[in-house]
Amino acid sequence: MVEEVIMASKGISTVIGVLVILSSLIVVGADDVGGGSHTVDKGILSILEPPVSNYVPHAPIRIDEDADFDAAHGVSAGSGTDIDPWIIEGYDINGTGYGYCIYIGNTTDYFVVRDCYLHEAAGGIGEPFYPDSGLTFFYVQNGVANNNNISGYDISIYGIYLVSSSSNNKITGNNVTRNGNYGIYVFSCSNNNISNNNVSNNGDGIYLSFSPDNNITGNKASFNSNGIFFSLSDGNTAENNKVTNNWAGITLSMSGSNVLESNEALNNDHGLYVGDSSHYSGIFNNTISSNNFNGIYIDFLSAGATIYGNEISLNDDYGIYITGSVNLIYHNNFIDNANQAYDDSTNFWNDTYLSGGNYWSDFDEAIEGAYDDYNGANQDALGADGIVDSGPPVGGLNPYPNIQGGAGAQDNYPLMEEVVDGRVQRPPFRIDSNADFNAEHGVSGGSGTEADPWIIEDWDIDGTGLGYCIYIGNTTDYFEVRDCSLHDASGVNSIPYYPDCGMTLYDVQNGTIDDNNASSNDNYGIYLHNSNSNNTITNNNALSNGGWVGCGIRLDNSYNNTITNNNASLSIGIAAAFGIYLDNSNGNIIDNNTVDGSSYGGIYLYISNNNTISNNTATDNSNGIWVRQSNNNTISNNTATDNSNGIELSDSSNNTVTNNTISLNTNYGFYLSDSSNYNLIYHNNFIDNVNQAYDDSTNFWNDTYPSGGNYWSDFDEAIEGAYDDYNGANQDVAGADGIVDQGLPAGGLNPYINILGGAGAQDNYPLIGGPVVENFDIPITGTGWQFVSFPITATGDVTTVFDDEYWGGEAAVDAIKWDMMYWYDPTDASDPWKSYNKNWGGTQDMPTIDNTMGFWIHITDNPPLPGDGMLTIGEGYDPSGETVTLYQGWSLVGFPTTATDVQAQDTLPNWGSTVTKIGFYNDAQPYDITETSDGTTLMNPGNAYWVYSTIQQDWNVAA
């Protein structure tokens, strides 16, 4: 049906935009709390594929077994397998007098109910079969309900009803409103996913009873009695939901071991309500604000909850009201609640030292009796640690005194500053020897051995006025600094000790610095000085650091360290700025980093030898990679594009430069000067630089035959004087070999000579076609919609790129065939879905594609043997590092690399900060996207992905 509707509508240029707007209207809910309305984020599932435009009236549908999945029961397509499910879609069904609109029972086949309008189910009460429900799943597995509009008009009891051991179902992207008792009701069911639904103006929004181990994710529940309710239901997860204007946002009743994480509970009577023996709850990282009574309420029968990392603010009665016992409450922010907390029992309001307790907005300055002059478990050692103490003259514990309830509850280690993104704010600290690895110096665990390193983690440190955030010097113990935010170091620029740097290592071995954000410091983000052997700097953001020689990461006199997978971009300095800077530093590995926007050099080596610079991406710098007075380095597999000079060597000799992609640089692709001699440059791709290369010395621009030289985009076709009719060391033996020769009649060497500089430099074996021409096979199982991309650098017309005549050289009749393709363009709000339809004779709005894009493609024929089951993309090159634009919100992208099983957090920029979610095709549930915030999700070439970014930014994909 999707195909027919789109084909019929292509004559109207605005139709797809209209369809997407129509889809948006379905999911706009009354989730605003200020009276007005606004369009809410629909999530992936509401833009999975273009919606149908019109509902078709249909009588209520009842399916009692797998055999009933047929046209007579409203099925329009499919075969019931996981890759080709039964499809029920596009219906307008009024259930008045029937008690249901669609009822499906006792099935295990795969099916999808989507894009239907189901309303006014009433008049047929007969549990469990006719419960006055818009959509009922009774003893069902493998079902999907997606993008349906389900309204009871205040006469239906249930919007969606899952009952009797229904499992492995997905209820996604539906709009469920005005049902008398429940919007979505789950009874005696497990292992279902209920995600991205808008559930409003029902009795209760989402209600689980006797239902363990379900996931309730990304829903919006508003103007219900309870937004989300768990009754006698253990082990469920409620994550990233927004619950507003309900009596209770999320309620637990006689339900244990549930996790409530990263939800927003706003303008309810109670934000989170835990009652009736609901034990061992995990309440993490929620925003609980402006509720009419309590932010969190835990009754006297409920115990053992861990309440961590929540923002609890502006609630009209209490931030937390607890009458239960043995609950642990720490690292929460209590801000301007009418009463911050109530506890009439026995609970624990702080973690151990050094982790500490909570932040209380009424106990964070001297006028309120709060000081931070001392540290230690008893707060009696001189020096601040971010925990409130009694101040001079002797310090001492200073518990938070304003927890009401009469039980004497207190937070023994109240925090001086708010917890920021799960990190506790504390003052800078300095470790001067192995003996300083202790709690007073920010260490939370470990013993200093290789198997059990000291751990420093989860700090937010402002270095204003002190010149450092964390300084570690003169150590040999093993340690790890991770997940810290180190920023604004300024005021004391005294190298090497206080260089206005987020993280300084001086004379250090065996350190690991990983997953930190060392940004916005006056000089350096991360600085290694005299630090040799076995230090690893990995997966950090070192952004927008500045100063006279400001840089993201700097090594001085530091040998044999590894710098990998960091983003050291936008290092804006006064006179000069660098992404990664090596000064008198030898034998280091600089691998897979991103350097972007530096005003002097992305990666800069000065008097630094025998380093390996590989797999980095350098974009929009003055010099992408600059090597100065440095010898015997290996520079390989890097991408240097859109710089002034891509790679520059000055007064540097005996370096090897190979397999780099050097493109679109505005001055020179490669610049060698100042007696840079005996460098070996081969197997690089020089593509469309304003000037490809400059060499005023003596260097070698090719390897020996048959390995060859470099690819030059201005010397790869006959019109440019380049041929490939001969082979051999002298290019005089008939037969092509991928190296440029003089062509017929006799061949001969045909060097590339357009290397400026006056030294007569030339590439004797230039490559005719750039990187080796490649095909790429996309496995296709069955027919129907597939979610694909291609990694090779093929660009062009849709039908040319996706032409499966390359699969084995056999007749095209055995090739896979398709008729339609879609791509989502977030820059066109009125018409985001771009399409190509082979059956449409008019103007197409997606004629050109490339490997940065992801696609829905509709397969119509997938022949059996001798067909190979592969949709082969032909005539492309191996990817050499692509830049994919991630727009604010969701982007539908490809994965333009041949690397396999790459974790999302290792390739996507700023994972967990500005890139927070990824969506991927779920083979087990076709037509559905699995949306996750799990950074370990594996990405592979040939797959398409949705990526969610909070800002527009570039994703530099390593080859």
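Q: What average pLDDT does the protein chain have?
A: The chain averages 88, and 89% of the residues score at least 70; pLDDT is the predictor's confidence in each residue, from 0 to 100. Over residues 1-53 the pLDDT is below 50, yet that stretch has 114 contacts in the model beyond near neighbours in sequence (contact means heavy atoms within 4.5 Å). This is a predicted model, where local features need pLDDT of at least 70, side-chain atom pairs count only at pLDDT 80 or more, and totals for chains, interfaces and linings use all residues. Residues are numbered from 1 along each chain as its sequence is written, and side-chain values use heavy atoms, with hydrogens and water left out.

Q: How many salt bridges does the structure hold?
A: Side chains of opposite charge can pair when their charged atoms come close. A salt bridge here is a side-chain nitrogen of Lys or Arg within 4 Å of a carboxyl oxygen of Asp or Glu. The structure holds 10 of them.

Q: Which residue pairs with Arg 482, and where do the two sit?
A: Glu 457 does, with the closest N and O atoms 2.7 Å apart. Arg 482 is in strand β45 (residues 479-482) and Glu 457 in strand β42 (residues 454-457), so 25 residues separate them (strands are DSSP runs of E, at least two residues, numbered from the N terminus).

Q: Is Lys 834 buried or exposed?
A: Buried means under 20% relative accessible area, exposed over 50%, partly exposed in between (1.4 Å probe, protein chains only). Lys 834 counts as buried at 10%, while its salt-bridge partner Asp 828 is partly exposed at 22%.

Methods:
Helix = DSSP H or I, 4+ residues; strand = E, 2+ residues; numbered from the N terminus.
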